[in-house]
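Thank you all for coming; I would like to go through one model this morning, and I ask you to keep the sequence and the coordinates open while I talk.

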Amino acid sequence: MKKSVWSDSVRLPEFDKLSGDKRTDVLIIGGGICGLLTAYFLGQSGIDYILVEGSRIGSGITKNTTAKITSLHGLIYDKLIRKSGREKAQMYLEANQSALCEYERLCKSIDCDFEKKPAYTYSLTDRKEIENEVKAAVSLGFPAEFVENPKLPFQTQGAVRFPNQAQFNPLKFIAEIAKNLNVYENTFIRDITPDAAIADSGKITAKKIIVTTHFPFINKHGGYFLKLYQHRSYVSAYSGCGNLDGMYVDENLKGISLRTYDDLLLIGGGSHRTGKHGGGWEELSSFANKYYPQAKLKYQWATQDCMSLDSVPYIGQYSKRTPNLYTASGFNKWGMTSSMAAAKIFCDMVQGKRNEFEHIFGSRSMAKPQLLANGFEAAANLLTPTARRCPHLGCALKWNKAEHTWDCPCHGSRFEENGKLIDNPATGDANIK
């Protein structure tokens, strides 16, 4: 059984299963770091809430993150300035820096291996795009730097360096903030009505509902099955590799990321769209053998990320027609700062307060090239002749030989070999014949 280094080091608090009907002002669906932070801040504000989680808190994507807390999200700022304008790029930077500062504040009283580290985005092929990203960040007032020769065991064309970013152990963090929260575990929500959520063990009536389930699972609002796709990536942790001076990520979506934890080097990569083929752990093994021949494998795990059309998360109202229903998704591999930003935005929105960052992440045009790619992928898979179908919207499931799972290439739902649901947006098991 493959598991992350975080899962092997933490015992999370346990909560009862929902039994019977409940009422609350705010219901949060999803017990990952985004939902837990939202619950934490609502509780701090004296707001009546309930959080429900279909399994155990932190058992989804949160336990499998590489846990980089940074505002350097690949090469985002030059792109945002060119496509969305300087004001939006500025606010995106400030939202993520604010999230980083909030983590730092909270972690002063939480033993979660929080460390300040510089973050780097490097390129193997294009020096110019690295230079452009540095210029973009500097123009927004951030002290980014161009690094000619980052301290890596392979040649690059340079890197963007963001100082004073951070990394931590995410499960140690949520173990502490979750201690006194109002949570029901093993409470899987099957459906949502305008003012309630339905589980097998009861109904929760709420004035406002926040969906933090990684991929929004209600199809009749928001069109998220068109606006998002899911990307699978792999992590291997090795001992005997020495230390790094920071956190590194390739600007290429399918490239290698690196960070250290304790005496381990975490190597991420082998990525592919969920339901497609990629390098997986074999690619990481080849990388380690080449550049760290003395390395010893200690952990392996995989994770999944929701990717938005424009590289900016969706945070806010679920749709324009649902004023009391909210969601956060499309974190594009940067779930730590995005989750914190979302939690702070939700805490203000449910109180009727304006949050200075909410307009950056709200509903916006879907007229992006990826929309056509998402639509084509769905159409092609719907026409694939097979009985193995995803119960979400009927796409053909593909066998993931690396993880021995059935994966949906349309929207990223995943199932065990016998059809039992692993990852949403599906809300039920698949019929595997």
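How many bridges join β11 to strand β15, and in which sense do the two run? Twelve bridges join them, and β11 and β15 (residues 296-308) run antiparallel. Before I go further, a word on provenance: this is a predicted model, in which local features need pLDDT of at least 70 and side-chain atom pairs count only at pLDDT 80 or more, while totals for chains, interfaces and linings use all residues. Residues are numbered from 1 along each chain as its sequence is written, and side-chain values use heavy atoms, with hydrogens and water left out.

As for terms, helices (H or I, at least four residues) and strands (E, at least two) are DSSP runs numbered from the N terminus, and two strands pair if DSSP finds at least two bridges between them.

Strand β10 (residues 202-211) pairs with β17 in the parallel sense over three bridges, and the partner of I210 in β17 is Y326. Strand β16 (residues 314-317), by contrast, pairs with β17 in the antiparallel sense over four bridges, and here I315 has A328 as its partner.

Let me turn to the helices. In α2 (residues 77-84), Y77, L80 and I81 are buried. Why do they lie on the same side of α2? They cover an arc of only 100° around the axis, which puts them on that one side, the arc being that of the directions from the helix axis to the C-beta atoms. The face turned away from the buried side of α2 carries the exposed residues R82 and K83. Among the elements that cover the buried residues of α2 are α3 (86-107), α4 (127-139) and β6 (159-167), where contact means heavy atoms within 4.5 Å. α2 is followed by G85, whose phi is positive, near 100°.

The axes of α1 (residues 33-44) and α8 (residues 335-349) come within 8 Å and cross at roughly 35°; axes are lines fitted to C-alpha atoms, for helices over the stretch in contact, and angles run from 0 to 180 degrees between N-to-C directions. Residues of α1 including L37 and F41 meet residues of α8 including M340 and F346.

Finally, an open sheet of four strands has the order β18-β19-β20-β21, with antiparallel pairing. β18 (398-400) and β21 (421-423) stand at its edges, each with a single partner strand, so one side of each is left without a neighbour in the sheet. Two bridges join β19 (residues 405-407) to β20 (residues 414-415), and W406 has F415 as its bridge partner in β20.

Terms used. Buried means under 20% relative accessible area, exposed over 50%, partly exposed in between (1.4 Å probe, protein chains only).
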